[in-house]
Amino acid sequence: MEARTALDLHIRARYPILYLPTAEEERAEDDIRAVAEAWRPAWRVFVWDAVHGFVGVEGSRGMPLPALEFIAAQSPEQPALFILRDFHHYLRDAQVARHLRNLATLLRSRRQTTILLSPVVEIPPTLTEDITVLDYPLPDGATIAEHLHELLGGLETRLESGTSEALVKACAGMTLNRIGQVVRKALAATGTLDERTIDLVLDEKRQVIRRTEVLEFIASTDDLDDIGGLHGLKAWLERRAMAFTERARRYGLPHPKGLLLVGIQGTGKSLSAKATAQLLRVPLLRLDVGRLMGSLVGESESRAREMIRVAEAMAPVVLWIDEIDKGFRGVSSSFTGDSGTSARVFGTLITWMQEKTSPVFVVATANNIDVLPPELLRKGRFDEIFFVDLPTEPERREILDVHLRRRREHRLRDFDIPTLAAASAGYSGAELEQAIVDAMYVGFDEKREFTTDDVATALAATVPLSRTKQLEIDALRHWAADGNVRHSSL
Ligand SMILES: Nc1ncnc2c1ncn2[C@@H]1O[C@H](COP(=O)(O)OP(=O)(O)O)[C@@H](O)[C@H]1O
Ligand SMILES: [Mg+2]
């Protein structure tokens, strides 16, 4: 939902205290004012910060309590909005918290809303009932274009239309402030506005992504042709790729949400995630859940929201959550350990996954199903859950073909792929690839080409993981057969 619409709805519904996590104070305040001025008669807007207090209000400087008293003392008949900048600093204070709770009760019956603006989300549990967090998205394309226009004084119209669109797109995912900085820096560096500006902006954006500390830009060229087998999954992905187009939007299809791939190690789940981005022709962002959950308490929550904001601003994009089972081991959205932070982070993420309308396609992978929170598997989080089994014999043939072709396209006919496939029951794709690499070492060492026999020897010399993990595999197969889970080979 657009920020102004969301603000408008919440304020009219008399939410007493809203919390907007954003570093873009100026843009947020502009949006709030725009909402207040659109009503007839316009609502008044008061702004408080620790340095100035409320303008013209004696004694409200640096002091949170008088600021709250000022709000409470306003005439109930007067519609108004009260913006408190950086108020998160005070929320842990018992008196402030009590005051805010009283204020919440008071404001519910008035056409008045208090809005906390802050770059981080830090809400003590006692206040979560009274404070509603409204996510404030990063600027959209139109806002960026408008801002660039102001910034460049119309210079951008000299760009070819494709380049100027590319510049707007390159700026997505950053705040207006940062866009200003980056574009000015790029202009100073090159003395003009051209394709090089876009490269500089993209470099800067990579840094913004890195600064979230939980997201990473992945450059990968793996595509569906690099995956052997998994035909059910590939066919499904191709159909979903169509749903990503503008034509599908006009037809009325919703944006696809994403998929979860479950299976033992080395079966091509991560590979499929990378190939998905390639298929959809969109950037690939990897989310490090372990790191997200491991951030200091409280920080995790801000990070989760920031991650979502950046991912949405970058959309269309594939958000790859690798080994989600490791990060969310045993978490539940009603879990209350570590003051409930993990539960809230998990809750934030699954609620977003369920409700998001932006083209962020989530591809999550998991090796283990037992430790996954059941809420994650509930309908509506993913479009589909796939079980990725060990490759069948025909699938092994395809996988061997992919990897031999990659390394020895010109000698492909020298290899007896059917024999190798027949001799490798229970081997995963990763293990088949490794056997080829091992064979290459032998050939290289003996200063000759490697052969089918070398690969067969390498296969015989390794114990596939499946042999030691038979129980786990059986359990996964049972789970897949019982539940609403698709088999990726079919
Ligand atoms: N089905 C497959 N087709 C081709 N290569 C595969 C396949 N499965 C695994 N591999 C190879 O093994 C590597 C590791 O697999 P990966 O996707 O990381 O497994 P997972 O994420 O399921 O543990 C891949 O990069 C690829 O080279
Ligand atoms: Mg993996």
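Trainee: Which residues come nearest to ligand 1?
Mentor: Before that, please keep in mind that this is a predicted model, in which local features need pLDDT of at least 70 and side-chain atom pairs count only at pLDDT 80 or more, while totals for chains, interfaces and linings use all residues. Residues are numbered from 1 along each chain as its sequence is written, and chains are lettered from A and ligands numbered from 1 in the order in which they are written. A residue is near a molecule if its C-beta atom, placed from the backbone, lies within 6 Å of it; around ligand 1 there are 17 such residues, and G268, K269, S270, G429 and A430 come nearest.

Trainee: Which elements give two or more residues to that shell around ligand 1?
Mentor: Helices (H or I, at least four residues) and strands (E, at least two) are DSSP runs, numbered from the N terminus. Here the elements that give two or more residues are helix 11 (269-280), helix 17 (393-408) and helix 19 (429-445). In terms of domains, whose bounds come from an automatic or database domain assignment, the shell draws at least three residues from each of domain 3 (218-388) and domain 4 (393-467).

Trainee: How many residues of each class does the shell around ligand 1 have?
Mentor: The convention is that Ala, Val, Leu, Ile, Met, Phe, Trp, Tyr, Cys and Pro count as nonpolar, Asp, Glu, Lys and Arg as charged, and the others, Gly among them, as polar. By that scheme, the shell around ligand 1 has six nonpolar, nine polar and two charged residues.

Trainee: How many helices and strands does the protein chain have?
Mentor: There are 22 helices and 13 strands in the protein chain, and its C-alpha trace spans about 90 × 55 × 45 Å along the principal axes.

Trainee: At what angle do helix 3 and helix 4 pack?
Mentor: Axes are lines fitted to C-alpha atoms, for helices over the stretch in contact, and angles run from 0 to 180 degrees between N-to-C directions. Helix 3 (residues 64-72) and helix 4 (residues 94-108) pack at about 10 degrees, with their axes 10 Å apart. Helix 3 is therefore roughly parallel to helix 4, since angles under 35 degrees count as roughly parallel, over 145 as roughly antiparallel, 65 to 115 as roughly perpendicular and the rest as oblique. By class, the contact between them (C-beta atoms, placed from the backbone, within 7 Å) has nine nonpolar, two polar and no charged residues.

Trainee: Where are P41 and P316 found?
Mentor: The general idea is that most residues other than glycine have a negative phi, and most peptide bonds are trans. The bond from R40 to P41 is cis, with omega near -10 degrees, and P41 is found in the loop between helix 2 (25-38) and strand 2 (44-49). A cis peptide bond also joins A315 and P316, with omega about 0 degrees, and P316 is in the loop between helix 13 (299-314) and strand 10 (317-321).

Trainee: Is K447 buried or exposed?
Mentor: A residue is buried if 20 or more other C-beta atoms lie within 10 Å of its own, exposed if 12 or fewer, and partly exposed in between, with C-beta atoms placed from the backbone. K447 has 6 C-beta neighbours inside 10 Å and so counts as exposed; its phi is near 50 degrees, a positive value in a residue other than glycine.
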